[in-house]
Amino acid sequence: MSTPAVGKAPSPIKSSDSNFAREMLARIAYIRAFEQKAWDLTMTKPPSVDGSMHFCAGQEAVPLGALAALREDDQVVATYRGHGWAIASGLEERKVFAEICQRAEGINGGRAGSAYMMGPGTRFVGENSIVGAGTTIACGIAMANLVQKNNRVVIVTIGDGALNQGGTHEAFAFAAARSLPVIFVVENNAWSEMTATTDMFKVDRLAQRASGYGIPSATVDGVDPMAVRDSIAMAADRARKGEGPSLLEFRVPRLWGHYNRDIEHYRKKADREEAGQRDPLARLGERIAAAGLMDEAEVGELIAAEQQKVADMADAVMASALPDASALPDVVKKPSHRDPAVIETREMTYIEAVNLALRTELKNDEATLVYGEDIGKAGGIFGATRYLQRDFGESRVFDTPIAENAILGSAVGAALSGLKPIVEIMWADFLFVAIDQLINQASNVRFISGGNANLPMVVRTQQGATPGSCAQHSQSIEAILAHIPGIKVALAATGADAYALLRAAAADPDPCVVIEARKLYMTKGEVGITEEAEPVGKARLRRTGDDATILTWGTMVPVALEAAETLAADGIETNVLDLRWLSPLDEEAILQAVRQTRGKAVIVHEAVRTGGFAGEIAMRLTESLSDIDLTIRRVTTPDTRIPASPSLQAALIPGADDVAFAVRAALDRQL
């Protein structure tokens with residue numbers, strides 16, 4: 001792709017672009033007035049609108065020119081500086097302004113605000129207030145476009161600073177490897193927030209960075225809407241032909257500060273003046289006047305008319321209602337309570353049950369994709385996906401770069417676009433490399449969209465200590481995930497549950513993390529095969545008794561059952577309740593089991609003590625069973641890192657004797 005000249009005097013307006021130029025002038029004027037009014041409302045004393053806002057003054061020609069080159073069904077993922085993109089995408093301006101002003105009639109009911117708007121059901125997927133995070137989400141949307149064969153292109157915008165984000169480079173690698181129809185747009189205003197871009201980069205043209213990924217790129221004058229339109233059109237044509245992604249760097253001036261309270265004390269006067277000389281509103285007005293399309297007075301009248309439109313709209317919005325807290329949507333959809341019938345029972349290993357669940361979902365729903373590192377040709381490091389690519393094809397079961405952010409982010413985008421991705425993160429420890437995509441992205445979709453968008457994505461991973469595994473491959477992280485509203489978290493202790501929980505997660509409309517137990521992968525057991533999936537959030541009573549209740553999950557379930565056998569030999573009969581889901585938590589089953597044993601409870605988990613989920617359960621018991629005398633003990637791994645040595649692990653990880661000791665202590669019946 002050629003590189004247009006940047007910084008030269010603008011070319012004359014072609015006669016064929018006369019109407020387009022006048023339209024662009026009006027739209028740039030409108031967006032400028034729109035943001036000026038929003039800014040003014042934050043600067044009154046007291047502020048009429050609270051919070052930070054990030055404006056696109058000087059960059060308006062980029063979204064307007066870009067969207068003019070695309071089809072009406074092509075999609076947009078914007079940065080937090082995305083007001084112009086939202087308007088250019090066709091969202092109703094009043095609803096956008098109302099969202100910025102946190103009013104009930106806002107497009108997200110005031111839940112998103114300025115920096116995180118979403119447009120469910122529209123081409124505007126949304127803004128993203130995490131730098132660079134939208135890039136991998138856009139990859140997932142582009143991937144869905146390929147699967148759905150709709151010939152759409154997705155455009156994702158980032159600032160210059162985002163080119164130093166690891167997730168952005170993972171997106172480049174992912175998009176290039178899969179030849180995705182995505183256009184990466186870099187709006188380079190020469191400032192990475194409050195740091196000069198020249199201080200952070202050793203190349204003049206940031207677009208050069210794309211060459212290392214085999215992605216064609218260009219640097220374009222982002223002040224000229226015609227140049228923007230034409231360069232985007234070339235990239236879109238290339239993407240629609242199946243030739244993959246492009247990167248376009250648009251050089252634009254930053255007319256205002258990084259955000260509404262930024263006084264720019266760090267910025268030299270000469271830099272501000274140079275930016276002002278490149279103002280797209282002024283320059284386009286001058287070009288239009290020079291071409292004889294309008295005189296200076298007519299240009300001024302047009303701009304004033306757009307300003308008045310904004311003023312009238314803003315007055316109406318500020319007089320409208322504030323959001324009603326009683327109307328806040330649920331973070332996740334409430335689970336149903338139907339139980340599917342078992343049509344067949346088979347004996348198989350835990351890992352074979354995982355494979356069967358994946359195979360069933362792929363067979364039952366064409367929208368299901370299964371992907372991750374080494375899961376295609378190799379069949380997964382533990383064999384969970386063996387033969388799935390052979391049987392369902394490389395378009396539905398495939399390998400990815402070693403790029404966890406790209407895996408999770410693309411799953412978010414794919415799920416937003418109607419697919420049902422089931423992705424594997426090889427070790428739970430590796431989730432931290434890309435946990436933004438769960439905590440800041442996936443978990444928010446239902447809430448911010450007001451329930452108008454679902455995110456049916458599943459993350460499979462495994463955790464826990466096994467002999468020889470190091471401290472970066474042994475952590476138990478379920479409490480961290482369960483702490484985040486909007487994510488459902490399951491832990492499978494048996495092959496039967498490895499099958500059932502994975503299928504339940506795949507059938508659910510919200511993001512689910514299914515945590516498997518590596519140390520149990522080769523254990524065998526009976527697995528009940530069902531046509532439908534069971535509901536999420538149901539605990540299972542593995543053993544009954546009236547003396548005490550052991551509450552546990554995951555790797556500690558077989559340990560608890562062994563302890564129960566030992567205790568039974570001494571005449572102590574225990575409930576063993578396998579929680580299976582920590583979010584949503586089956587609190588009813590917990591309370592019923594503990595009430596049955598007159599308040600005697602032992603909570604067991606492999607995770608470390610501090611911040612472990614045992615503390616949450618104990619507090620819920622205390623709050624809900626105040627009418628009975630509670631005795632609660634917990635058995636956990638101490639607050640330590642996990643060593644590789646099997647003997648050291650054995651000294652730290654709870655065993656059956658530890659659990660039996662805690663039960664006797666709760667009953668005050670020590671031997």
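A disulfide is taken here as a pair of cysteine sulfur atoms within 2.5 Å. By this criterion, the structure, which is a predicted model, holds zero disulfides. Cysteine 101 illustrates the point: the closest cysteine sulfur, that of cysteine 56, is 15 Å from its own sulfur, which is too far for a bond. Cysteine 101 is buried, with a relative accessible area of 1%. Cysteine 139 is likewise buried, at a relative accessible area of 1%.

The largest nonpolar core comprises 90 residues, of which Phe184, Leu438 and Leu579 touch the most other members. When residues up to four places away in sequence are not counted, leucine 579 touches Lys538, Ala539, Leu551, Thr552, Trp553, Leu585, Ile590 and Ile617. Apart from this core there is a second, separate one of 67 residues, which includes Ile31, Val228, Ile232 and Leu284.

Two strands were considered in detail. In a regular strand, side chains alternate between the two faces of the sheet. Strand β10 (residues 368-372) is largely enclosed by the rest of the structure, because five of its five residues are buried. Thr368, Val370 and Gly372 point one way from β10, while Leu369 and Tyr371 point the other way. Strand β12 (residues 420-424) runs parallel to β10 and is joined to it by five bridges; glycine 372 has glutamate 424 of β12 as its bridge partner. Strand β11 (residues 397-399) also pairs with β10 in the parallel sense, over three bridges, and here tyrosine 371 is partnered by phenylalanine 398. Strand β14 (residues 488-491) is covered on both faces, with Lys488 and Ala490 buried on one side and Val489 and Leu491 buried on the other. Four bridges join β14 to the parallel strand β15 (residues 512-517), in which cysteine 512 is the bridge partner of lysine 488.

With regard to charged side chains, 46 salt bridges are found in the whole structure. One of these is formed by arginine 32 and glutamate 60, whose closest N and O atoms are 2.6 Å apart. Arginine 32 lies in helix α1 (residues 18-42) and glutamate 60 in the loop between α1 and α2 (61-69), so the pair ties together parts that are 28 residues apart in sequence. Arginine 32 is buried at a relative accessible area of 12%, and glutamate 60 is buried at 0%.

Aspartate 74 and arginine 240 also meet in a salt bridge, with an N to O distance of 2.6 Å. This pair links distant parts of the chain, since 166 residues separate aspartate 74, in the loop between α2 and β1 (75-77), from arginine 240, in helix α7 (residues 225-240). Aspartate 74 is buried, with 0% relative accessibility, whereas arginine 240 is partly exposed, with 22%.

Arginine 123 is placed in the loop between α4 (93-100) and β2 (124-126). Beyond its neighbours within four places in sequence, arginine 123 is in contact with Leu67, Leu70, Arg71, Glu72, Asp74, Gln75, Val76 and Ser89.

A further salt bridge joins arginine 346 and glutamate 344, with the closest N and O atoms 2.9 Å apart. Arginine 346 is partly exposed at 34% relative accessibility, and glutamate 344 is partly exposed at 37%. Finally, a network of salt bridges links Arg254, Asp262, Glu264, Arg267, Asp271 and Arg272.

Definitions and conventions. Residues numbered from 1 in each chain as written. Predicted model: local features only at pLDDT ≥ 70, side-chain atom pairs only at ≥ 80, totals over all residues. Heavy atoms only, no water. Core = buried A, V, L, I, M, F, W, Y, C linked by side-chain atoms within 4.5 Å. Buried < 20%, exposed > 50% of the residue type's maximum accessible area, 1.4 Å probe, protein only. Contact = heavy atoms within 4.5 Å. Helix = DSSP H or I, 4+ residues; strand = E, 2+ residues; numbered from the N terminus. Pairing = 2+ DSSP bridges. Salt bridge = Lys/Arg side-chain N within 4 Å of Asp/Glu carboxyl O.
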